[in-house]
Amino acid sequence: MRVALATAVRTLPRGAGLAYEPKFDGHRLVIARSAAGVALQARSGRIVTSAFPDLAAAALQLPAGTVLDGEVVVWHAGRTDFALVQRRAAATAARAAVLAQSLPASYAAFDVLELAGLDVRARPYERRRALLVDLLLPLGPPLQPVPMTTDPELAATWYETLPASGIEGLVVKRLDQAYPAGRRGWQKLRHTDVRDAAVVGYTGTPRRPLALVLVLPVGDETPLVSSPLTAALRREVAEAAAARGTAEPPATATATATAIGLGAVPYRTLDPPLTAEVRHTSARHPPPEVLRLRTDL
């Protein structure tokens, strides 16, 4: 199932016919309930059902032929905690059963793609939203529809006040819009200059990566070298590189990237690329700062 994507904006879109939803800080997850059971799919298409047995069990309440799009989150101390979602996603099947008890997951559903075997993606968002609410409200947690408003002033209030709960911004959709599968048909407003970047490689050695080579989603797509990685990120990148079989690439796999103040820098490629959240404004500012890897992609 190809999911809808969003384009980053710097100011709150306003106008008639717009809907606003809080942007939860978790892992994108498609829930597919069939007559045979439940499958949980990450944005990449990878099946992650075993990592979230609590959500899979809850999804059995859905009618067969239902497909939902949303975000899996873990609440801790009154706010969503992305690190705990990462921990859940990376767990083995045996460990996942234990974590489901100590770190239960919640599902913030923001769209319904199929209902009772009927594909509803071509219907307007306003109609799909009504179907989603009617479907989930009787069930209750951990499957819940995200809040939504058509009032831009309330949306602005959410934007200013909800970060304390771990909400990272807003997603804006047109009420008359069909589900834009595989396209950036929505808009997202984050609280900082954080954006997703493709990680096409890394500098350093496979056991000790030093920095990431990034392609930002806007601009001329010239690769940039990030600022130095933290110890925790070095470990994550090393594990990802090993999983992709890039531990000992041939010399021909080495390319160059234009780094701020560094000129041409050799790096080892990653195929397929990873995705990272980075803080970056423009090429005239310091190198992008890597905040975290998005291993749900």
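I'll start with the lining of the second largest cavity: six nonpolar residues, one polar and three charged. Here Ala, Val, Leu, Ile, Met, Phe, Trp, Tyr, Cys and Pro count as nonpolar, Asp, Glu, Lys and Arg as charged, and the others, Gly among them, as polar. This is a predicted model, where local features need pLDDT of at least 70 and side-chain atom pairs pLDDT 80 or more, while totals for chains, interfaces and linings use all residues. Residues are numbered from 1 along each chain as its sequence is written, and side-chain values use heavy atoms, with hydrogens and water left out.

A cavity is a set of points on a 1 Å grid over the protein atoms alone where a 1.4 Å probe fits but cannot get out, and lining residues have an atom within 4 Å of a point. Volume is the space filled by probe spheres set on the points, which are joined across faces, edges and corners.

The second largest cavity has a volume of about 60 Å³. Nearest its centre, among ten lining residues, are His27, Ala42, Val48, Phe52 and Ala89. Strand E3, residues 27-34, contributes the most, three residues; strands (E, at least two residues) and helices (H or I, at least four) are DSSP runs numbered from the N terminus.

The largest cavity has a volume of about 340 Å³. Its lining has 13 charged, ten nonpolar and no polar residues. E11 supplies the largest share, four residues.

Last, Asp54, in helix H1, residues 53-59. Its side chain makes a polar contact with the side chain of Arg88 at 2.8 Å; that term means a pair of N or O atoms within 3.5 Å, where within protein one must be able to donate a hydrogen and the other to accept it, and residues adjacent in sequence count only if both atoms are side-chain atoms.

Terms used
On a 1 Å grid over the protein atoms alone, a cavity is a set of points where a 1.4 Å probe fits but cannot get out, and a pocket is an open set with protein on both sides within 12 Å along at least five of seven lines; lining residues have an atom within 4 Å of a point.
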